[in-house]
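Here is a short briefing for a first look. Take in the sequence and the model, then read on by topic.

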Amino acid sequence: MINKINKLLKKIYKTSGYIAAVFLILVAVFILTGIISRIFNFYIRGLAEYSGYSMAASSFFALAYTFYDKAHIR
């Protein structure tokens, strides 16, 4: 019984690590989009906020994955 729960939790932790990676990629995309849009004299409103939300979501999802691996979030 414990082994089944441990396997399920390990899958959940790994999935949350992948989700955290996707949100980190979104942070980079939002920031690069904001930089490129300013170069071409148009700005998409809310990119800084979306980047902040993505960073918060990334750290939230990364916590379970890193604690299970006994790692450290920098």
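Helices (H or I, at least four residues) and strands (E, at least two) are DSSP runs, numbered from the N terminus. The protein has 2 helices and 0 strands. Its radius of gyration is 16 Å, well over the 11 Å that the globule rule gives for 74 residues, so the protein is more spread out than a compact globule. That radius is taken over C-alpha atoms, and the globule rule is 2.2 Å times the number of residues to the power 0.38.

**Basis of the model**

- This is a predicted model, in which local features need pLDDT of at least 70, side-chain atom pairs count only at pLDDT 80 or more, and totals for chains, interfaces and linings use all residues.
- Residues are numbered from 1 along each chain as its sequence is written, and side-chain values use heavy atoms, with hydrogens and water left out.

**Overall form**

- The C-alpha trace spans about 60 × 20 × 15 Å along the principal axes of the protein.
- Of the 74 residues, 19% count as buried.
- Buried means under 20% relative accessible area, exposed means over 50%, and partly exposed lies in between (1.4 Å probe, protein chains only).
- Contact means heavy atoms within 4.5 Å.
- Take the contacts between residues at least 6 apart in sequence: 65% of them join residues at least 24 apart.

**How the helices pack**

- Helix H1 covers residues 2-39 and helix H2 covers residues 47-68.
- The two pack at an angle of about 155°, and their axes are 7 Å apart.
- Axes are lines fitted to C-alpha atoms, for helices over the stretch in contact, and angles run from 0 to 180 degrees between N-to-C directions.
- H1 and H2 are therefore roughly antiparallel to each other.
- Angles under 35 degrees count as roughly parallel, over 145 as roughly antiparallel, 65 to 115 as roughly perpendicular and the rest as oblique.
- H1 passes H2 in a left-handed crossing.
- By class, the contact of H1 with H2 has 18 nonpolar, 8 polar and 2 charged residues.
- Here Ala, Val, Leu, Ile, Met, Phe, Trp, Tyr, Cys and Pro count as nonpolar, Asp, Glu, Lys and Arg as charged, and the others, Gly among them, as polar.
- A crossing is left-handed if the near helix is turned anticlockwise from the far one by less than a right angle, and right-handed if clockwise.

**Residues in H1**

- Ser-16 sits in helix H1.
- Ser-16 is buried, at 9% relative accessible area.
- Beyond its neighbours within four places in sequence, Ser-16 contacts Phe-61, Ala-64 and Tyr-65.
- Ser-16 and Tyr-43 are 27 residues apart in sequence, and their C-alpha atoms are 32 Å apart.
- Ile-19 is also found in helix H1.
- Ile-19 counts as partly exposed, with 32% relative accessibility.
- Ile-19 and Ser-59 are 40 residues apart along the chain, and 10 Å separates their C-alpha atoms.
- Ser-37 lies in helix H1 and counts as buried, at 1% relative accessibility.
- Residues up to four places away in sequence aside, Ser-37 touches Phe-42, Tyr-43 and Ile-44.
- From Ser-37 to Leu-26 is 11 residues in sequence and 16 Å in space, C-alpha to C-alpha.

**The loop**

- Asn-41 is in the loop between H1 and H2.
- Phi of Asn-41 is near 60°, a positive value in a residue other than glycine.
- Asn-41 is exposed, with a relative accessible area of 72%.

**Residues in H2**

- Leu-47 is placed in helix H2 and is buried, at 7% relative accessible area.
- Leu-47 and Phe-60 are 13 residues apart in sequence and 20 Å apart in space, C-alpha to C-alpha.
- Ser-51 is in helix H2 too.
- Ser-51 is buried, with 10% relative accessible area.
- Not counting residues up to four places away in sequence, Ser-51 touches Val-27, Phe-30 and Ile-31.
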